[in-house]
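Please keep the structure in view while reading.

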Amino acid sequence: MLDQIRDIEQEALAALAAASDLDALEAVEARTTGKRGALADVLRGIGKLPGDQRTAVGQAANAARKAVEAALEARRTALEAEREAALGTLEALDLTQPAPGDAPWPRTGGTIHPVQQLIRRVEDVCQGMGFDLLDGPWVEDEQHNFTALNIPPGHPARDMQDTFWLTDGHLLRTHTSPVQIRAMRERTPPIRAVAVGRVFRNEELDATHEHTFHQIEGLLVDREVNVGHMVHVLRGLIAEILESDVEVRLRPAYFPFVEPGFEMDVTYRGRWMELLGCGLVHPDVLRQGGVDPAAWSGFAFGMGIDRLVLLKYGIEDIRHLMGGDLRFLRQFGSGVEA
Ligand code: FA5
């Protein structure tokens with residue numbers, strides 16, 4: 001019996017030394033020290049031995065188990081360390097390595113989206129004209145998007161902009177005009193600010209209407225501001241942005257947050273296309289922004305950036321812009337890798 005125990009121990013120690021992975025270790029463990037292993041068999045047979053041999057065999061079996069367990073543990077630690085070291089080499093990536101010359105993919109850089117290119121241009125021009133750049137959230141509350149802009153609940157003007165409502169009562173802003181309210185509440189006049197960003201409408205789509213598009217909101221609050229100031233700034237702005245003189249026309253229009261209100265059209269593919277809404281900020285809206293209408297007046301405008309892109313490049317359908325077709329987008333290479 002003692003010989004048998006010694007053989008089991010030696011076989012196990014030799015197998016552990018030769019084991020090259022954790023699976024091999026587990027196999028040794030199962031057949032030697034496991035519940036159904038060889039040493040457990042020996043211990044189960046002790047009862048059949050003559051009484052004077054039992055102690056010696058029991059002690060030898062326990063000593064063998066301890067020796068095998070210690071060797072197992074040592075080998076497991078060593079194998080795990082080896083594996084970690086190997087992972088470091090196998091999975092290490094040098095991200096600065098250029099792709100091999102015969103890479104199966106074309107090595108082209110991205111380009112800046114034409115809408116984003118125009119946004120950068122618009123922001124540059126506006127800053128040059130002395131406007132600060134502001135930002136506002138896409139997820140708005142009813143107060144900023146409608147109520148403070150003179151569009152209380154139930155007002156028919158709420159239907160002018162089909163709204164994506166969120167389940168918690170918030171909404172995706174339908175225009176950038178809520179930034180007017182935020183600007184007036186955060187600043188004191190005189191104010192010259194623009195905010196460029198994404199807006200969302202649950203609209204019928206066509207060649208000039210998208211559900212997700214971009215606007216630039218402009219707000220100027222100062223002493224005795226009039227429509228002449230507004231038209232002058234808008235004409236200058238459009239000419240600067242498009243780097244050419246385009247024909248524009250101003251039409252009276254209704255927006256609850258301005259009085260008087262207008263729309264400005266530009267010629268596009270031989271027809272007039274509406275580009276922006278504008279007007280003198282309504283006294284109630286100045287009040288909502290914490291500005292005293294007896295002392296201050298202002299103008300505001302909201303211009304469609306995507307429509308400016310159509311105009312600038314002669315694109316016939318606005319839906320190309322957010323369609324994500326790379327063949328379309330690559331035509332507007334900016335020379336700058338995005
Ligand atoms: C407004 O959104 C007003 N907030 C504009 C405004 C601001 C008026 C400040 C007065 C003072 P309107 O819904 O007309 O107005 O949109 C303004 C511009 O956004 C349009 O002239 C057009 O250029 C663009 N636009 C509107 N709807 C879409 C659409 N579905 N897809 C692409 N561009 C659009």
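In this predicted model, Leu-133 has Val-194 of strand β4 as its bridge partner. This contact belongs to the pairing of strand β1 (residues 132-134) with β4, in which the two strands run parallel and are joined by three bridges. On strand β5, Val-194 stands opposite Gly-218. Strand β5 (residues 212-222) pairs with β4 in the antiparallel sense, over 10 bridges. Strand β4 itself, which spans residues 191-200, is mostly covered, with eight of its 10 residues buried. In a regular strand, the side chains alternate between the two faces of the sheet.

Attention now turns to charged side chains. The model has 17 salt bridges in total. One of them joins the side chains of Glu-11 and Arg-31, with an N to O distance of 2.9 Å. Because Glu-11 lies in helix α1 (residues 2-18) and Arg-31 in helix α2 (residues 22-32), this pair ties together parts that are 20 residues apart in sequence. Glu-11 is partly exposed, at a relative accessible area of 38%, and Arg-31 is also partly exposed, at 40%.

A further salt bridge links Arg-158 with Glu-142, whose closest N and O atoms are 2.6 Å apart. Arg-158 lies in the loop between α6 and β3, whereas Glu-142 lies in helix α6, so the pair ties together parts 16 residues apart in sequence. Is Arg-158 buried or exposed? With a relative accessible area of 12%, Arg-158 is buried, because the limit for that class is under 20%. Glu-142, at 29%, counts as partly exposed.

The side chains of Glu-243 and Lys-312 also meet in a salt bridge, at 3.7 Å from N to O. Since Glu-243 belongs to the loop between α8 (227-242) and β6 (248-252) and Lys-312 to helix α10 (residues 305-313), the pair ties together parts that are 69 residues apart in sequence. Glu-243 is exposed, with a relative accessible area of 55%, while Lys-312 is partly exposed at 31%. Elsewhere, salt bridges with shared partners connect Arg-249, Arg-251, Glu-263 and Asp-265 into one network.

Finally, there is a patch of negative charge on the surface, where Asp-159, Asp-162, Glu-204 and Asp-206 gather. Asp-159 is found in the loop between α6 (142-145) and β3 (171-172). Asp-159 counts as exposed because its relative accessibility is 60%, and the exposed class requires over 50%.

Methods. Residues are numbered from 1 along each chain as its sequence is written. This is a predicted model: local features need pLDDT of at least 70, side-chain atom pairs count only at pLDDT 80 or more; totals for chains, interfaces and linings use all residues. Side-chain values use heavy atoms; hydrogens and water are left out. Buried means under 20% relative accessible area, exposed over 50%, partly exposed in between (1.4 Å probe, protein chains only). Helices (H or I, at least four residues) and strands (E, at least two) are DSSP runs, numbered from the N terminus. Two strands pair if DSSP finds at least two bridges between them. Patches are made of residues with over 30% relative accessible area and no salt bridge: like charges are joined within 9 Å, nonpolar side chains (Val, Leu, Ile, Met, Phe, Trp, Tyr) within 5 Å. Accessible areas come from the Shrake-Rupley method with a 1.4 Å probe; for residues, only the protein chains shown count as cover. A salt bridge is a side-chain nitrogen of Lys or Arg within 4 Å of a carboxyl oxygen of Asp or Glu. Lys and Arg count as positive and Asp and Glu as negative; His and the chain ends are not counted. The place of a charge is taken as NZ of Lys, CZ of Arg, CG of Asp or CD of Glu.
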